[in-house]
Number of protein chains: 2
Amino acid sequence: MKNASTDIESKRSKLRDVAREAGVSVATVSRVINNSPRVTEKTKLKINEVISRLGYAPNPVARALTVGRTKTIGAVIPTLDHAIFANFLSAVEEALAASKYRLVVATTGGDPDVELERTQALFDMGVEGIVLSGTVHRAEIDQLSSRYEAPVVLTSCYDERASYPTIGYDNFHLAQLAMKHLFDLGHRGICVIHGPLKNNDRTRARLAGAREFSSEVELTAIETELSEAGGSEAVGKILKEKPRPTALLCLSDVIALGALFELQRASLKVPDDISVMGFDNLNWSVHAEPALTSISLPVRRMGKKTAEALVRKLEDDVDIESVLIGGSLVERASTARPPH
Amino acid sequence: MKNASTDIESKRSKLRDVAREAGVSVATVSRVINNSPRVTEKTKLKINEVISRLGYAPNPVARALTVGRTKTIGAVIPTLDHAIFANFLSAVEEALAASKYRLVVATTGGDPDVELERTQALFDMGVEGIVLSGTVHRAEIDQLSSRYEAPVVLTSCYDERASYPTIGYDNFHLAQLAMKHLFDLGHRGICVIHGPLKNNDRTRARLAGAREFSSEVELTAIETELSEAGGSEAVGKILKEKPRPTALLCLSDVIALGALFELQRASLKVPDDISVMGFDNLNWSVHAEPALTSISLPVRRMGKKTAEALVRKLEDDVDIESVLIGGSLVERASTARPPH
DNA sequence: TAGGAAAATGTAACCGGTTACATTTGTCAA
DNA sequence: TTGACAAATGTAACCGGTTACATTTTCCTA
């Protein structure tokens, strides 16, 4: 246990202390710390000795104040509990770290008010840029970002008309891509299982894409919790329906996983009895039984692009352009022609 | 696109500007900002008007410098790509947010050198406390934490002898709990499938627990990637073995998921032909088919406790105590008596 | 209406670094 | 030995807030 603070007698030593102790000026010590060249090897040695003797560490906040940079980016996301966000953040963090930037995360649970509050808090702590999810946000966010003159990137979606650059997918189109796959296989009775629509423009866009695909399709939609439990539950309901759909389009892989398990439980064969399709292409989907047909969302690429765009803006003032992250259909074993 | 910086003409206005513009002193403005009581309603109004007219926002770094607090905690974890860590961080973040603290994350990919470097970077940016995973770390971490006088908490493990307080599970014991369950069901040929042991004391502890359970058990172990792919692959190998184990103890649920799928693919019935057990009790395990017997790790509780301990230390200087987060066996449908 | 306490506001030092510019020291050629 | 110039080091202002303490105003009482 090393938690007893050394209290009273030793307060953390500062640059001045080191300078005094080493018998040099603060400027020289500062130079050594930032290893600028114009210092004699001898004094450098002496100062370093004093530094380690005193256990001196520069105060990062003071430094940040003078140089005027915090090198910190804030990400405000709905949750870390879903792989898709966690993977995204993971990529953002890695790319930022490569440029010596840091990532502060804040989760909102999908509540726009919380989002605003957390964004405010991030600015309060000095982030130089912000990453948000989706296009719809409280109007006050605009004031914050312009007040702090900080760049904002909207992710997980692509929308030229948004008030900030967007780096993400065309959810509408990708849902249509999914529908087309099922349609081409011959499915005409399709049930879309999706997570909550409230405060989620991405899910909305996907659902709209599915809905507007073709009038030849008998399309039903069922909203459920965004989880395996939700998928499982939804399938439970669907199996009681009279004209049972021949295909399930799950707008998230986690929902598809729950669906898969529930169908197996009901002794229905996928894809022989019913086709199941996911959305996200999470890591496990290829290993599922049957391997899950899904829409691949290159979430790590999205994270990388997002981080890089922000860093370029901050370092070289390169304006951030919206980037369409192209998803793609990954056809695997869980979809096939409908029975009969 | 709101990315054109207003450049040259308008540099961000500061406290002094507001004071001048409002015809008051900086102290008064500062008081208004921090809504301390001793200010007339009238001047408060006037100042607030100027503030919003000038679009003034206080510089958080300057503030942090004077008050000497950043209210920021750093978490250094192997990866965000696994639910278990993401869920943990999620809980940490939420608990910190409740106390107005912020969370900076850094991932290491499990490399202790990267861990050291990232920890250094976090201290450089001014975190007041650090969360690490596991007990084994580069020795230099000690110097860092004492130099910055910052509390450190080790998580995902419980070990009184560790050099910092630990908040986590007794991995050794929990593995034995899992073994006991299988043993009591009658299993004597058990294969442990686990992720990489390198730089991972938690997995090591679990494996040791399993190994030292009983000499009556014919125990084999197979190391694989920590993923569904790894579980799938491992099962592929196991199925070729001569005396096939009657139970698989997967030291992570993700591995168990891969195993489950692979067994299904091989048309083996779980648990009739072979029992499968997981470790972590991730959200989906209850919905799996068959529902997965697993060791429940209350990862969110661990996150909450960790955050709270750090905040208490920082706010009230309450020493951080190690906390044993008790896991438990969750018996579900994937384990049963061995065949015959 | 003077006197005095309380409330409001102002002044200036300080937080802990960085850095422009000034000064000192060192080196080498004449 | 001296002068000139480069290298090393020092001085002090500054970053943008907070806050102890000083000063001014306000308001009430006698």
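Guide: Helices (H or I, at least four residues) and strands (E, at least two) are DSSP runs, numbered from the N terminus. This is a predicted model, where local features need pLDDT of at least 70, side-chain atom pairs count only at pLDDT 80 or more, and totals for chains, interfaces and linings use all residues. Residues are numbered from 1 along each chain as its sequence is written, with chains lettered from A and ligands numbered from 1 in the order in which they are written.

Visitor: Which helices supply the surface near DNA strand D?
Guide: Helix H2 (26-33) and helix H4 (60-67) of chain A, plus helix H2 (26-33) and helix H4 (60-67) of chain B, each give at least two residues. H4(B) has the largest share, 5 residues. Here "near" means that a residue's C-beta atom, placed from the backbone, lies within 6 Å of the strand.

Visitor: And which residues come nearest?
Guide: Of the 25 residues around DNA strand D, those are Val24(A), Ser25(A), Ala27(A), Leu15(B) and Ser30(B).

Visitor: New topic: how many residues does the contact take from chain A and chain B?
Guide: It takes 62 residues from chain A and 62 residues from chain B, counting two residues as in contact if their C-beta atoms, placed from the backbone, lie within 7 Å. On the side of chain B that touches chain A, the largest share, 8 residues, comes from H5(B).

Visitor: How do strand E2 of chain A and E2(B) run?
Guide: Antiparallel, with 3 bridges joining E2 (residues 102-107) of chain A to E2(B); strands pair if DSSP finds at least two bridges between them. Val104(A) has Val104(B) as its bridge partner.
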